[in-house]
Each structure stands twice: as structure tokens, then as C-alpha cells.
Amino acid sequence: MKAFMQRTTWITWVTFLEAIRQRFFAFLIVLGGAMVLSSVAFRFMDFGHGELKFVADFGFGGMFLFGSVLGVVMTAQLFFSEIDNRTALTLLAKPVSRAEFLLGKFFGTWLVLAIFVFVLSGLLGAVLWSRSIELNELAEKMGRLAPEFSPGGLVAFALLQWLRLGVVIAIVLTIASGARTFLYAVVVGALAVVAGQLQWIAQDVLLKPEGSVWYRGVLWVTSRLLPNLEQFNIGDALVLDPTSVPANAVVQVAISGLIYMVAFLMLGTALFRRREI
Amino acid sequence: MTSAAISVRHLTKDFRVGLRGLKLRAVDDLTLEVPRGQVYGLLGPNGCGKSTTLKIILGLVTATAGEISILGQTYATAEARRRTGFLPEAPYFHKFLSGRELVRYCARLSGVAPTQLDQAVEEALTLTAMTEAAGRPIGTYSKGMLQRIGLAQAIVHDPELVILDEPTAGVDPVGSVAIGRMIQEMRSRGKTIVLCSHLLGQVEQVCDRVAIMDRGKLVLEGRVEEVLSRRDRHVITVESLTPAARAAAEAALAAHGAKVTSVTHPRRSLEDLFQELVKGSRDA
Amino acid sequence: MRSLYFGILTAICWVLAGTYSETSWRTVRPCIPEIGRRDIEPTLGQGVLLGILGGMRTVIADGTWVRSYVLWERKDRPGCETLMRTACALDPRSRYFWENTGYVMGYDMAHWEVRRRGGYAKVPADVQEHLYRSYARRALEVLDQGVVNTGGNAALLIAAGQLAEMKLKDQLLSARYYRSATESRNAPWYAPYFCARNLWEAGQREESYRWYRKIWEEKLSKSEDGAPDDLKNLREMEQALHLPIIQRIPRPAWEK
């Protein structure tokens with residue numbers, strides 16, 4: 001087990017070094033950062049939601065959009081660069097198991113996305129914090145209710161986003177394990193992420209006692225095959241209205257994400273074992 | 001359990017190609033044994049199934065039929081792979097790593113103990129003459145250096161069996177000879193080496209045994225001297241041969257029933273000439 | 001055999017993941033505003049997809065709203081309604097979107113329709129009335145959805161009450177909305193009066209007085225100034241109902 005962990009750690013580290021050097025990563029993190037910072041300039045477009053909500057929405061959107069793109073494209077790219085350049089041949093001819101290889105790729109990419117999520121969250125936190133101070137002063141002067149901003153909620157949200165991206169990476173790795181080409185892995189991976197983002201529709205219908213047995217059966221299978229990625233999007237509530245979030249919500253969503261990650265990685269390993277390098 | 005380093009019996013590999021799943025036979029009923037402590041050459045034209053055979057031996061590709069044994073294990077277990085080093089054809093490594101970092105990385109993956117890591121890495125770099133360039137990023141390496149650093153990563157964990165797939169492909173003759181010397185050095189240390197190569201001259205020089213494959217089948221296998229020598233012909237090299245001396249020699253041989261079929265000047269190989277002319281030049 | 005065990009373990013993990021996500025989804029469901037799926041169908045592909053998928057809902061809803069104003073200026077009824085409903089669907093907790101969609105549908109769109117058919121001079125009064133009523137009904141549907149999505153926002157209930165009274169001419173319905181507004185959080189001070197007035201004018205005079213009096217005694221009289229205007233209205237109602245002195249509201253010390 002110790003050797004397993006050590007080999008996985010080494011592959012993780014090299015994958016991380018490779019990923020962090022990619023221009024694509026630098027480009028998206030700069031774009032995401034610019035989006036978060038510019039949200040203050042666009043706040044005049046807000047229609048009565050409260051300025052902080054508008055700014056937070058910009059940040060959450062940047063993290064969601066660019067994080068998903070990064071998760072799908074970078075994972076597939078890192079996987080196929082090993083296969084196409086035949087570095088996987090060198091690695092897998094050593095006493096490295098397919099599971100170690102796949103986990104190394106997973107953790108390496110996930111580590112890079114941790115940087116992405118936490119850098120953007122830090123920026124967003126700074127913007128929200130500075131604006132909330134100004135708005136609080138203004139509210140005090142005008143005798144209005146001050147808007148709420150929870151830094152702890154932002155940390156919880158960042159963790160959930162990171163977990164969501166972990167599930168995305170696991171999905172794409174599973175698809176890439178059985179895919180022949182990079183393009184196929186990216187397209188199918190992106191579709192799977194979109195489907196996962198919409199999976200809640202099936203779950204919502206299942207929560208209500210309606211529809212035929214067949215219809216409900218199809219929805220049951222769909223809701224089990226695809227992860228519910230929408231459940232990670234509770235940023236608004238966590239950051240701006242933390243009292244509305246049930247105490248165990250973050251923990252439950254995190255556990256759900258972790259189980260999905262394990263399930264996808266196990267399936268990915270099974271597929272990758274059958275793959276001829 | 002066999003005493004051979006590698007044993008392959010009735011190995012067959014079919015690939016499915018196209019949407020209709022047409023079968024393409026890459027290896028066809030191959031049987032061979034690689035004895036321990038020898039340099040074994042696997043020869044054949046492109047697409048004859050050499051690389052596929054090596055991949056099956058290393059567990060990277062599954063066989064359609066047949067059995068293999070590697071270092072006494074019935075398939076390429078992690079233990080067997082720990083005792084094996086592999087240099088793939090046209091190796092490519094992460095360009096951002098330095099040569100030393102790559103060898104170190106591969107050493108850790110191959111299970112070299114942390115206490116022996118530094119020594120193992122330096123030994124591998126020394127053997128492959130890469131010590132000087134080891135601090136440079138791999139992206140700056142020439143083709144020959146890439147092959148040598150590839151060799152270093154393959155032997156850093158002191159494997160019993162080293163599999164080299166086209167180790168001299170794209171390397172100039174000087175580098176090629178250097179790699180040949182490294183192979184001989186490894187043999188002298190008791191390693192078993194499997195060498196896939198197109199450079200027949202080099203194979204002839206370094207290999208103890210050869211196997212020739214064509215269209216997935218084994219067409220010839222044996223010791224190099226055995227397969228190359230013509231038992232019904234002999235070569236005598238003579239200095240200062242005058243026409244009279246030649247006529248007398250032919251008459252003497254004819255008296256014993258022998259017949260001179262050709263008299264030519266011995267030729268040096270172009271490789272020998274090249275080596276002589278560029279002696280001292282280094283691949284850097 | 002090892003592969004079989006691994007396969008079984010993977011399948012178990014998969015079923016566990018799906019089952020547990022049901023539990024976690026039930027817990028977080030109330031924290032996530034529900035998107036009105038049917039409302040956004042016509043505008044899918046106009047950047048709205050991104051909003052549905054979870055990112056930048058507010059920003060895209062705002063962008064959609066800005067675009068709807070362009071169509072409002074052009075008096076493009078179907079386009080304007082679609083975009084406004086999309087904004088509501090994307091950000092269903094925003095009072096602003098629901099309220100203004102209700103107003104535009106209930107007041108402006110009926111007016112556009114009359115103009116499209118040739119103007120007030122040309123369109124017969126009964127047709128005009130029919131148009132006002134039909135658009136008012138649609139606007140009330142929107143406002144009702146908004147009330148549900150915003151947790152009973154008083155401003156939306158007031159808007160619905162106004163619409164029911166002015167365009168639908170249904171004073172009982174209007175009274176119901178004002179009554180709900182009175183009972184909601186942040187109820188405006190005038191909501192009880194409008195409720196009582198509508199009930200009164202709809203013929204339910206006694207019920208109107210009883211309810212208004214109850215509200216005044218329980219809530220309004222406890223305000224800082226004691227709500228003298230409401231008391232004055234109640235006195236007028238007592239007069240009109242010819243209530244004996246004993247049945248009237250006891251006179252507070254501050255009443256003139």
C-alpha cells in the first residue's frame with residue numbers, strides 16, 4: 001500500500017508540473033481573475049438583486065465556466081499526451097499499475113484545479129469583502145439593512161466547487177480511458193458534464209410521485225448513471241444568505257461528490273485495464 | 001518455471017481494425033526463448049510484429065492466444081516489471097524535466113529505495129555518459145541524448161532484463177556505437193538484453209542470438225555465428241599475393257579436391273571507416 | 001476473479017453514489033432557486049443555457065432583461081414576453097423581474113394590442129375590455145408564480161391586487177391579494193385599507209369591517225402613531241353600517 005501511494009504521489013507530482021506549465025491554464029486563470037475583478041465595474045447592470053449578489057454571481061460563473069472547460073480539456077489533454085507521446089508506455093512498463101497511473105493523473109489535475117478555484121475564490125472574496133464594507137457604511141448612513149457576506153461560506157463554496165471539478169475530472173478520465181482520440185474524450189466529456197448539470201431535473205421528477213412506472217424507471221437509471229452536479233451550486237445561499245443553508249448540506253454534498261469520484265475512478269480503472277497501450 | 005529470461009509459446013495477436021472489426025494478425029504462432037545473460041536480437045522489417053511482441057511480454061498489450069513467461073512469472077506482474085527495464089522506440093519524455101529528474105522519477109517508480117536513489121541515478125547517468133547534460137531540460141536534448149537518457153531510465157533500478165526497442169533509431173553512427181558499447185557493458189554485468197533493431201551490422205556485433213520475424217512469424221532463430229556462417233565455404237586472408245603465388249596455391253588446393261571460387265580484396269565496413277575518420281568526436 | 005470482485009465493488013459504489021445523491025439533493029434543494037424550465041425553452045441557445053447549467057444566472061438574467069427592454073420599445077409583444085419570462089425563470093428569486101413582467105403584461109401589452117388593431121377609437125369597447133381582462137389574467141399568472149418563488153413577496157401581492165382591481169375589475173380577487181399582502185412580511189401600511197375597501201365595494205361590507213377592525217386592533221393600533229387614518233376609515237364604516245355605540249371600537253385617548 002505504501003509503494004502504491006508513493007508511486008501515485010510521484011505521478012501526481014509530474015502531472016501537476018506538466019499541467020501548471022500549460023498556457024491554457026494560465027490563460028483561463030487570468031481570464032477568470034479578470035472577470036471577477038471586472039464584476040465591480042459592471043454592477044450598474046444589476047436589477048435589484050443586491051450588488052453583492054451580482055458580483056458573487058460573476059465570480060461563481062467564472063469559476064463554473066472556466067473551471068469546467070479546464071477540467072474537461074486539461075484532463076483529456078494530460079491523459080492523451082501520455083498515450084500519444086508514448087510516455088505511458090515507459091511508465092506502465094515499470095511496476096506501475098493502471099490504477100496508480102490513472103489516480104496520478106487525477107490528483108495531478110485536481111491539484112491544478114485547486115489552485116484555479118482557490119485563487120479565484122480569494123479574488124472574489126477580496127472584492128466582496130471590500131464592497132461589503134462600503135455597502136455596510138452606506139446602509140448604516142441611510143438606516144437600511146446591511147447586505148450579508150459570509151467569508152466562511154465562500155470557503156465552503158470554494159471547497160464544493162473544487163469537489164465538483166474533481167467529479168468532472170473523474171468523469172473525463174473514465175471517458176478518456178475507453179476513448180481512442182482526444183477530441184472524442186473532450187466532446188463526450190463535455191456532454192457528460194452538461195448532462196450531469198441537468199441531472200437534477202430527473203431527480204426533481206423522481207421526488208414527486210408522478211409519471212408511469214417506465215418513465216420513473218428510466219429517470220431512476222438516469223439519475224444513477226449521471227452525477228448531480230447542480231447540487232454543488234449553492235454559492236448564493238452559502239455566501240450571501242448562510243442562515244438559509246441547512247447545517248449538514250455542505251457535508252452531504254461533499255460526501256456525495258466523493259462517492260461519485262470513487263465510482264467514476266473505479267470504472268475508469270476497469271476500462272483502462274482493458275486498454276492496449 | 002523456466003530458466004530462460006523470456007519464454008514465448010505459440011503467441012498470437014490479432015488487432016481489430018475498422019468499424020467492421022476486420023482482423024489483422026500482428027503476431028502469428030510465435031515461439032521463442034531468450035536465455036539469461038545474453039544479448040538477444042529481434043529483427044525484422046517494419047510491421048513484422050517485433051514491437052507488439054515486446055508489448056505483450058511487458059503486459060502493455062494482451063495476447064489473443066499463447067503463453068508467455070518473463071523472469072519466471074507467468075505474465076508481466078509488477079514484480080517481473082520491477083526486474084525489467086524498457087526503452088521504447090523513439091522515446092519521448094516530459095520536456096520540462098531535467099535528465100536527472102527523469103531518471104530519478106523513473107527510479108522511484110521502479111522501487112529504488114530512497115537511500116540508494118542518488119547512487120543509482122548517478123551510476124545510470126555515468127553508464128550512459130549523460131552526467132554532464134543531466135542538469136539540462138530534456139527539451140534541449142539531441143536525438144542521441146534522448147536515447148541515452150532513455151537507456152538510463154531503463155537501467156536505473158539495476159534490472160535483470162533490459163528490453164531495448166530500436167535504441168539506435170535516428171542516432172548517428174558515433175552515438176550508435178556508444179549505445180552498442182553500453183549494451184556490451186550491461187552484458188558484462190550479467191544482464192539479459194533483448195534488442196530490436198534495424199541496424200543489422202550492430203546486431204551482428206553485439207548480439208549472442210538473433211531471431212528474425214516476418215509478417216508476425218518467426219523465420220529464423222539461433223546463435224549469430226551459426227546463422228551467419230556458411231559451412232561449405234572458407235576465407236583465407238593473404239598478404240603480398242603475387243600471380244605466381246596465387247597459381248601455386250590454387251594448384252595445391254586442387255590437388256586436395258578444393259576449388260578457389262573467388263579472389264577479392266577484403267573490404268572494411270563503412271562504419272569502421274567512419275569511426276576511424278571521426279574518432280574522438282562526441283555526441284553533445 | 002479479481003476483475004469480478006472489482007466489477008461488483010464498482011457497481012455497488014455506483015448505486016451508493018446515486019442513492020446518496022438523492023439524500024444530499026433533498027437537503028440542498030431549497031437553497032437553489034428552481035428554474036422555470038418551460039419558460040426558458042424558447043430562448044435556449046441565446047446564452048441562457050449557461051445560466052441553466054449553473055453559472056452566472058443573475059448576470060445572464062440581467063442581460064436578458066436589458067434585451068427585453070429593446071423589444072419593449074419596439075412593442076414586440078411575443079419577443080418581450082419571452083425574454084421577460086426567461087429572466088424570471090433564470091433568477092426566480094428576484095422580485096424586480098416578476099413585478100415588472102406582471103406590469104408590462106397586464107398594462108402595456110393590452111395597450112399595444114389595442115393599438116395594433118387600429119387604436120382606441122376603432123376597437124370596440126367590449127373588445128378592449130376583453131383584451132384588458134385576458135392580459136390581466138396572464139399577468140396575474142406571472143405574479144402568482146413570482147409570489148411562490150419569492151416566498152410571498154408583499155410588493156408582488158400588491159401589484160396583483162392592483163391589477164385585479166383595475167384591469168380585471170374583480171374586487172373580491174383584489175381583496176384576496178391585499179389580504180395576503182397584509183399578512184406577509186414587510187406588508188405596506190396601505191394594504192389593509194385596500195383590502196377592506198375592495199371587500200366593501202364588492203358588497204361584503206360587514207365582513208370588510210370585521211376584518212379591518214381585527215387587523216387594526218391586533219396590528220395597526222400597536223404601531224407608533226396608532227394608525228389614526230385607519231381608525232378614521234373604520235369609524236366611517238361603523239357609521240355606514242349603523243353600528244350601535246356599544247359595538248363600535250372603544251375610543252382611544254388620542255382620538256379627536
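Student: How many residues of chain A are in contact with chain B?

Tutor: Two residues are in contact if their C-beta atoms, placed from the backbone, lie within 7 Å. Here, 22 residues of chain A are in contact with 21 residues of chain B. This is a predicted model, where local features need pLDDT of at least 70 and side-chain atom pairs count only at pLDDT 80 or more, while totals for chains, interfaces and linings use all residues. Residues are numbered from 1 along each chain as its sequence is written, and chains are lettered from A and ligands numbered from 1 in the order in which they are written.

Student: Which helix of chain A gives the largest share of the side that touches chain B?

Tutor: Helices are DSSP runs (H or I, at least four residues), numbered from the N terminus. Helix 1 of chain A provides that share, seven residues. Helix 1 (2-20) and helix 4 (87-92) of chain A each supply at least two residues.

Student: How do the residues on that side of chain A divide?

Tutor: Ala, Val, Leu, Ile, Met, Phe, Trp, Tyr, Cys and Pro count as nonpolar, Asp, Glu, Lys and Arg as charged, and the others, Gly among them, as polar. The side of chain A that touches chain B has eleven nonpolar, five polar and six charged residues.

Student: What does B:V103 contact, leaving aside its neighbours within four places in sequence?

Tutor: With those neighbours left aside, the contacts of B:V103 are B:V121, B:A124, B:L125, B:I149, B:A152, B:Q153 and B:V156.
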